[in-house]
Amino acid sequence: MERKWWHDKVAYQIYPKSFLDTNGDGIGDLRGIISKLDYLKELGIDIIWLSPIYQSPFVDQGYDISDYYSIASEFGTMEEFDELLAEAKKRGMYIIMDLVINHCSDKHEWFQKALADPEGEYADYFYFRKGKNGNPPSNYRSYFGGSCWEPVPGTDKYYLHMFAKEQPDLNWENPKLKQEIYNMINWWLEKGLAGFRIDAIINIKKNLEFPDFEPDGPDGMAGCWKMVESTEGVGELLEELKEHTFKKYDAFTVAEVFNMKEGELPQFIGENGHFSTIFDFSAHCLSDGEHGWYDAPEMEFKKWRETVINSQLEVQKTGFEANIIENHDEPRGVSRFLPEYARTPAGTKMLGTVSLLLRGIPFIYQGQEIGMQNAVWESIEEYDDISTKDQYHIAREAGLSNEEALKVCGKMSRDNARTPVQWSNQENAGFTTGTPWLKVNSNYTAINVESQEAQPDSVLNYYRKLTALRKSEEYKEVFTYGEFVPEYEATESVMAYYRVDDEKRMLIAANFGKTPVKLELKYPVKRVLLSNQEETSAGSGQKPEHVLELESCEVIVLECE
């Protein structure tokens, strides 16, 4: 495998709106990010991904872009962005931005021109289609609920939007539109951006006949993703995108890819794949409900373990995936993947260890490094997220009571990841001196950066040790390129694997159960490198002989012969 500059890096996602506010308007800003670069450097971060900071009406938190060349004034100025690039570079860090090119905002100049002249050239930057028998062109339900088709005022046409109606889809069959997008991407790369996280990219290829599908809900509609899955040829568009942009700059690209077809992985992340990497969402998909959040299954440890193992075994034949516990679109990982008894500092460290030492590029989401958890939500009015409101109504229509629907949303809402970062136990968790745009999690007095800085065995200081181990001169090679080999799969509660290369064999073993376990060791132990429980014998550095004993929620990293 050809070695790339990004293979051995650790990435960190910032959701700028909730990171740190320096001007008291309740919204995080670029100045806040700049002020925390040293904190991120100490955490062992190399690549920082910023969720959208472009000009936007913020109908979908900035994923509705009205000007791709401007920074939203809520976050700061282009000068401050340039300063962020320069300051990151000084510290040997890289900045990547969100690239949202399946759709734009209905306030974008292109769409405004299309509405002004629905027969003109800008109408072809979008999908303007005539209705059928007084109905929309097809029966697609958008990702956020309701029809994918919105009437074009004053005409018999509709425009397509797979997300909110304020997010019209861009027509990737139009060469002029594509060139506009390539120019914009190259403009940012010329500026010194290291690459992009690419949003909802599979959706750019449409079945231009827009056929109806069998309804999958009482509304008589079918999920728009069925149309995406029914069409071929997205690879050609992605390859063309890469050739005109990323490849010229050796840019790092991490794509959000759902709906991939069987056997397509090598085309996406192989030696000459469309992208550097894609996120591994396999474990997150385990809590997808058939009809929505309200019928989402409980997370089962064995199913989770099997899914992570299978994904790792499959991907290592091909390339690298990006490993996550959580992101801005998911609830907090500690609240999702750990049973209630394990939502402790020990359990949090255990989950972090298992994730960060997998084969692939680890992405830490802001606040994960201190073990931030889901918030407690009292009413639907407390939420800001468009998707949560939609899921609340779906749950109510399915017959759930207000309390039950709120409980479902509390468990699954994207707003759980968007509550402000908990910097201290001061008012508003030290996030802002003003009124935060979204409520602060009430547990901020117990879980915050400032108090964890002072505790040697805190989650934060453990995460620092974890990234330092992964990136250390001695072990970087095996944790980057070493093979993933599962172990102890027949146990009830242990998630364990080796990372192995020609020189080294590392064992990562974690007990997700409530009771202690004993594991027969297959190889003699050379060194105990990391443990989350220093009071146990192995945790105190004592080498286990023949048998490894793990307490509940204990994880250990061993170098074996």
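## Asp 98, a buried residue

Asp 98 has 0% relative accessibility and therefore counts as buried (under 20% relative accessible area, with a 1.4 Å probe and protein chains only). This is a predicted model, in which local features need pLDDT of at least 70 and side-chain atom pairs count only at pLDDT 80 or more, while totals for chains, interfaces and linings use all residues. Residues are numbered from 1 along each chain as its sequence is written, and side-chain values use heavy atoms, without hydrogens and water.

The side chain of Asp 98 makes a polar contact of 3.0 Å with that of Trp 49 and another of 2.8 Å with that of Arg 197. Such a contact is a pair of N or O atoms within 3.5 Å; within protein, one must be able to donate a hydrogen and the other to accept it, and residues adjacent in sequence count only if both atoms are side-chain atoms.

## The sheet around it

Asp 98 is found in strand S5; strands are DSSP runs (E, at least two residues), as are helices (H or I, at least four), numbered from the N terminus. Strand S5 (residues 94-99) runs parallel to S2 (residues 47-50), joined by four bridges; pairing takes at least two DSSP bridges. Ile 47 stands opposite Tyr 94 in S5.

Both belong to an open sheet of eight strands, ordered S13-S12-S10-S5-S2-S1-S15-S14 with parallel pairing. Strands S13 (277-278) and S14 (322-323) stand at the edges, each with a single partner strand, so one side of each is left without a neighbour in the sheet.

Definitions and conventions. Buried < 20%, exposed > 50% of the residue type's maximum accessible area, 1.4 Å probe, protein only.
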